[in-house]
Amino acid sequence: METIPMPAINFAAVMPETILSVFAMVLLLVNVFVPGKQKAYLAYLSLIGIIAAGVSVFNAWDAPLALREGFNGSVLQDNFSLFFKGIFLVSAALTLLISDQYLNRENCNHGEIYPLILLSTAGMMLMASGTDLMTIFLGLEVLSVSLYVLAGFNRDNVKSNEAGLKYFLLGAFSTGFLLYGMALTYGATGSTKIGSIASFVAQNAAVTANPLFLVGMLLMAVGFSFKIAAAPFHMWTPDVYEGAPTPITAFMSAGPKAAGFAAFIRVMIFAFPTLKADWSDLLWILAVLTMTVGNIIALSQDNIKRMLAYSSIAHAGYALVGFAAGNAEGAAGILFYMLSYAFMNIGAFAIIVLIGKKGEANNNIADFAGLGFRRPVLALLMAIFLFSLAGIPPMVGFVGKFYLFSAAIKSGFIWLAIIGVLNSAASVYYYLRVMVYMYMKDPVEEFDWVKVTPAIALSLLISVAGVMIPGVVPGYLLQLAQKAVLF
Amino acid sequence: MLGAYLPIIVLVAVAAAFGLGSIILSSLIGQKKPSDVKMSPYECGCDPVGSARERFSIKFYIIAMLFILFDIEAVFLYPWAVLFKRLGMFGLMEMGVFIVILFVGYIYVWKKGALEWE
Amino acid sequence: MLESLFFLIVAAVAVISSILVITCKNPINSALSLVMTFFCLATFYVMLDAPFMAAIQVIVYAGAIMVLIVFVIMLLNIRTETGRKTTHAILAGSIIGLFVLFQTCYFLTKGTLTGTKGAMDTALVEKVGHVELIGKALYTDFLLPFEITSLLLLVAIIGAVILSKRKI
């Protein structure tokens, strides 16, 4: 009876995930053992956890290969995943900052929201650094299950319940597609490790004609497209974004979307590099559909959360343009864009949190009427975020779109870039509409004199800095993104 | 190959035969003298009112859900128990981490009062 | 010979009980038919040299998940189905079903679907044992996914309490 040798463990490769999980468990216990209704201190404890994870991400940048790989090739913490981990941490931190006021107003200040946010962030990180289909799948499940619960977190609100249930049903369905695709790929190539799949495909060119393999790749693409809310797999987005608690909507639009892109890019570029011509065409169609559907339907929305939901579909489409390009510039463009999208979108949602009233009321675009006269600072910030979303210089949204579209042109996808620019121009209409309400209409009813808590003020400050500074001097962040895709 | 499972097949067959046999035999041999009292669900006490298909409380549901989750935990223990000696100290540690994470969940459920019949 | 006869019997029971799942008017009867189907699946796993999968099928599916399904039926108090079945659904379902059947037959006869054999073949499973092989893979190669599973279960525990406990 020989003993089984120990696998190669390397905790350094999963340090940020470990920190977040440990913090989540401690918070869960603190939540039940410390009595009292006021749970705001848990948010600050979670922030400490996020900062600690951020420090470990920072330290791991450019680390030698021995410190990156771990668990028999299940994870690889390269610069690519570290950049994404930075995005997840930023969106989680901003979400924590804006959630406390909302939760108190909606009377659902249960402490469990903080461990759930931390655990979903850990799941996203595992998706970004997973190099085994199983790691990616389980990371995605940890993320998704937390999000289903978070979407239905406002238990007394019917729309929140609806959002949780719809997200769960459709999400479980799409997970089925993803898992089926992984199983078929495993059956065709004999491994779940992305590196082994890639070397198998390189050695056996015949496998690319195997229907088992092609259907596997297609089904995985469907599963990931659902996660990033690409048309035609976007149907869940508007209802879930509208019904979910506003800070959670902000979180969902920034973090999980980036995580979906991270895993999507990892699987397509690492495992199927020889099939680039095939998936590039597929992504071309997806990108055009996603941009167009998102922008056209966003034009007719009256609820601002719903409008931003369709706008987030459109933004996934812009990122897909860079993905379809299939070159390093495109991948770097996605990384840069996802980070800037986290800043501008969570910033916009922070303003929505402030303007909203109890019971998820006051979320219509018309409710922003006259904000420019009553609360000029808030209106100015909202205008900055919306201009950035529309892609107007000197905000960061412009730089991001510029790099995505120029990557597409470099790869010869000129029509794709033109469609992207046209879409971006169309999107200006619905962002401007909010500004017309804010600056050119009289208020319908008086605004409640909302108190801007220090936490929200801090999140707004970080967001506006994240939108303006890289918008004017994008060099440093772009260099980081370009370095991150030197796989 | 299926020879190893012969005892199980025999057991299933015996169980099925016993169940079916009891019903069939009792209906064949037993006397049939139905009366109102005999046909009622409870021979003594109050007369049952309404259908037996009442709505269940959600309490049952949460217990069942927690049961599944810890059931899945138990599933992971079987192969570990089989390999316990060969995995050695390391196996004990990795299962320790697994159990501790779920134990946190268990403490949470307990302190939250989800196991109480409120 | 005996084995294929046994397979045919179990397969027939599996098909009949799964048809009963979708045709029974009373949801409880459907649920019990589903239990029968699960047991047939477990038998198939045994015949495929995967006894551990069979055990899981019985413990988790036929045991725990069926309890949950029956509780849900009782929670919602679904009575015997009264609604008329729409002919559109039957038509669409049969077209899709025939298509899938055709597809399966096509691929089976043409034989273009070729998988890649992994390291674990039947001989190895019979020599080392199914549970041992699964355990070895789970606790060495897939150690990280194994530990993530516990995180996933933890999230599910929190979710179950948050969403369905009456007072939190």
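Colleague: Why are helix 6 of chain A and helix 7 of chain C called roughly parallel to each other?

Modeller: This is a predicted model. In it, the two helices pack at an angle of about 10°. Angles under 35 degrees count as roughly parallel. Helix 6 of chain A and helix 7 of chain C are therefore roughly parallel. Their axes lie 9 Å apart.

Colleague: What makes the contact between them, by residue and by class?

Modeller: Helix 6 of chain A brings residues including A:Met134, A:Leu138 and A:Val142. Helix 7 of chain C brings C:Leu144, C:Ile148 and C:Leu152, among others. By class, this contact has 16 nonpolar, five polar and one charged residues.

Colleague: How do you know how helix 1 and helix 2 of chain A run relative to each other?

Modeller: Their axes cross at roughly 170° and come within 8 Å. Angles over 145 degrees count as roughly antiparallel. Helix 1 and helix 2 of chain A are therefore roughly antiparallel to each other. A:Ile19, A:Phe23 and A:Leu27 are among the helix 1 contributors. Helix 2 supplies A:Leu45, A:Gly49 and A:Ala53, among others. The class count is 13 nonpolar, four polar and no charged residues.

Colleague: What makes up the side of chain B that touches chain C?

Modeller: The contact takes 38 residues from chain B and 40 from chain C. On the chain B side, helix 3 and helix 4 each supply at least two residues. Helix 3 gives the most, with 18 residues. That side divides into 29 nonpolar, two polar and seven charged residues.

Note on methods:
Residues numbered from 1 in each chain as written. Chains lettered and ligands numbered in written order. Predicted model: local features only at pLDDT ≥ 70, side-chain atom pairs only at ≥ 80, totals over all residues. Axes fitted to C-alpha atoms, helices over the stretch in contact; angles between N-to-C directions. Helix = DSSP H or I, 4+ residues; strand = E, 2+ residues; numbered from the N terminus. Parallel < 35°, antiparallel > 145°, perpendicular 65-115°, else oblique. Contact = placed C-beta atoms within 7 Å. Nonpolar A, V, L, I, M, F, W, Y, C, P; charged D, E, K, R; others polar.
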